[in-house]
Amino acid sequence: MANEKDKEQQHKQRMQRTKEKVDAKIENAQQEKGLFIVITGNGKGKSTSGFGTVARAVGHGLNAAVVQYIKGSWACGERELLANAGVEFHVMGTGFTWNTQDKASDIAAANKVWQESKRLLNDPHIDLVLLDELTYMLTYKYLDLDEVIQAIENRPKMQHVIVTGRACHRALIDLADTVSEVRPVKHAFDAGVKAQKGIDW
């Protein structure tokens with residue numbers, strides 16, 4: 001019985017120390033600004049994470065907008081849901097570059113939606129901008145890195161920006177406030193399982 005009481009007391013002491021550390025971090029975090037978030041890595045879930053944050057923002061009454069690079073004209077569950085909730089969408093619409101195999105067309109399409117991205121990044125009424133799969137546009141040099149950085153740096157003070165995609169450029173990672181890397185452990189597709197509607201797309 002005494003041993004159980006000792007364990008309970010030790011647990012309370014550990015939790016109290018943890019609470020004190022968390023409280024101290026909350027107390028020190030007093031700066032208010034729009035966050036620049038990067039979600040990168042080779043694992044599944046980067047866009048899903050970005051859309052989840054858009055859904056959270058909309059749920060709190062914030063205005064959000066999404067620009068989808070790479071994505072084609074096929075159905076997108078997140079787009080269907082969030083567009084009905086008032087989220088503005090702009091889609092590159094050409095699909096994967098290995099499907100089009102037309103670099104000039106891809107560059108033109110990328111620059112067209114980049115113009116919309118710049119407009120959104122200059123609009124103080126938009127609280128959150130998701131630039132989905134933007135990293136590929138920089139890897140393929142379809143967009144100018146310096147122009148992208150400048151637009152993100154000069155956005156309204158309280159506007160949040162999320163960039164998703166593999167192999168994010170180091171300059172964006174350095175600029176970001178929060179960076180998450182999604183690491184692949186297992187993926188059903190690699191085992192020959194067909195992509196599932198509502199789960200994978």
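Helices (H or I, at least four residues) and strands (E, at least two) are DSSP runs, numbered from the N terminus.

A note to myself on the source: this is a predicted model, in which local features need pLDDT of at least 70 and side-chain atom pairs count only at pLDDT 80 or more, while totals for chains, interfaces and linings use all residues. Residues are numbered from 1 along each chain as its sequence is written, and side-chain values use heavy atoms, with hydrogens and water left out.

**Back to α7**

Which residues of α7 are buried? I listed Val 148, Ile 149, Ala 151 and Ile 152 in this helix, which spans residues 145-153. Seen down the axis of α7, they fall within an arc of 165° (taken from the directions from the helix axis to the C-beta atoms), so they line one face of the helix. At the N-terminal end of α7 I found Asp 144 as a cap, with a side-chain oxygen 3.3 Å from the backbone nitrogen of Asp 146.

**The sheet**

Next I traced the open sheet: 6 strands in the order β3-β2-β4-β5-β1-β6, with parallel pairing. Two strands pair if DSSP finds at least two bridges between them. The edges are β3 (88-91) and β6 (178-181), each pairing on one side only.

I then went through some of the pairs. Strands β2 (residues 64-68) and β4 (residues 128-132) share 5 bridges, and Gln 68 has Asp 132 as its bridge partner in β4. Between β4 and β5 I noted 4 bridges, with Val 129 partnered by Val 161. Another 4 bridges join β1 to β5, where Val 38 stands opposite Val 163. Strand β5 is largely enclosed by the rest of the structure, because 4 of its 5 residues are buried.

**The cores**

Which residues touch the most other members of the largest nonpolar core? They are Tyr 69, Met 137 and Leu 143, in a core of 31 residues. Such a core is a set of buried Ala, Val, Leu, Ile, Met, Phe, Trp, Tyr and Cys residues joined through side-chain atoms within 4.5 Å. Helix α5 gives the most to this core, with 5 residues. Apart from it I found another core of 14 residues, including Ile 37, Ala 57, Ile 162 and Val 182.

Methods: Buried < 20%, exposed > 50% of the residue type's maximum accessible area, 1.4 Å probe, protein only. Polar contact = N/O pair within 3.5 Å; in protein donor to acceptor, adjacent residues only side chain to side chain.
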